[in-house]
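Here is a short briefing on one protein model.

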Amino acid sequence: MVRPISDFEPRERIALVPHTTRRFSCRSALAISPDNDTLAFIADLGAGTFSAWTLPLTKVGKPSPALGVDGAALRSLCWSTRGDLIGAADRGGTELHQLYVARGDERVEKLSWSDGERVQRLLSWNATSPDGSRVAFSSNARLATDMDIVVEDVEAAAERALVADQAWYVAGGWSPDGRSLLVMRVQANTDQDLFVVDVDSGAMRHLTPHRPDDGGDVSNVPAGWLADGRPLGITDHGREHLYLAAYDATTGAREIIDAPDWDVELAASSADGRAQIWSVNADGHSTLRWRRGGARGGERRLDGVCEDLI
């Protein structure tokens, strides 16, 4: 059963995540449960701060509290296949996020945190591994000016640095087999690179090297993986507009998935890589397009939903 949008709380109460934050931090205030029956969302429903709530997707229901942190505001969510709802929270808008987890049995525990809240952490919407045992996120615990990629055991709360360098890195999703991680290195708002990182060894393969004839900055933003083991990204390499492309994980060879005459603004792929959805900004209005199993599905103009812009 498809639920009408009127069943949900007014959108003004749901935490807003700026477009550039979603693109370059891969952050989301929404998460869907592993069984696809429940939506988790960050909102202030009268408590005076943002916390996580859930709503059923297959029937009419009211919001239920899912994850809240005393004195802190939730900023992003990720739901693992094991049922753990992971959230990043800060105090006073400092963006010094601590990670917390709401277990399947409703226990809320600290996952990655530090005394004095001196560390910034970025939690992506697809941060957990396919088996739900690990979570990958950005952290500047090593050096305040750098964002490393850290992998943490969700059960044991033991973490290790996977990528540590003098740069800003963002986790862009796990491969369907759980062996690799897609990582974005951010040089500027219009200049990024994508890497495939072996989760066990830390070996990195550069997918998007820049050449002098590329004309300077090139956008490369992660969008998940395909089921065949190819990472997915949004890029403007060789074109005027941003488009959706798949990359060979070994050679970096690029295949265009969708290259409209407008920018592809955001894109996401399911954890198993079988389904993808993306939005095209056509003259300031978003149109959703999707595909499943490699076959193009359709598209839908928002026509007033979300104020016409994803």
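In the protein chain, 38% of the contacts with a separation of 6 or more join residues 24 or more positions apart. Contact means heavy atoms within 4.5 Å. This is a predicted model: local features need pLDDT of at least 70, side-chain atom pairs count only at pLDDT 80 or more, and totals for chains, interfaces and linings use all residues. Residues are numbered from 1 along each chain as its sequence is written, and side-chain values use heavy atoms, leaving out hydrogens and water.

**Surface and burial**
- Of 310 residues in the protein chain, 48% count as buried (under 20% relative accessible area, 1.4 Å probe, protein chains only).
- The protein chain exposes about 14,700 Å² (Shrake-Rupley method, 1.4 Å probe).
- Carbon and sulfur atoms supply 49% of that area.

**Strands and the open sheet**
- The protein chain has one helix and 24 strands (DSSP runs: helices H or I, at least four residues; strands E, at least two; numbered from the N terminus).
- Four strands form an open sheet in the order 9-10-11-12, with antiparallel pairing (strands pair if DSSP finds at least two bridges between them).
- Strand 9 (121–122) and strand 12 (159–163) are the edges, and each pairs on one side only.
- Strand 11 (residues 148–153) joins strand 12 through four bridges.
- Valine 150 has alanine 161 of strand 12 as its bridge partner.

**Hairpins**
- Eight bridges pair strand 22 (residues 275–282) with strand 23 (residues 285–292), antiparallel.
- Two residues lie between these strands, and aspartate 283 takes a positive phi near 55°.
- Strand 23 also pairs with strand 24 (residues 295–301), antiparallel, over six bridges.
- That hairpin has two residues between its strands, and glycine 293 in the turn has a positive phi of about 60°.

Definitions and conventions:
Buried means under 20% relative accessible area, exposed over 50%, partly exposed in between (1.4 Å probe, protein chains only).
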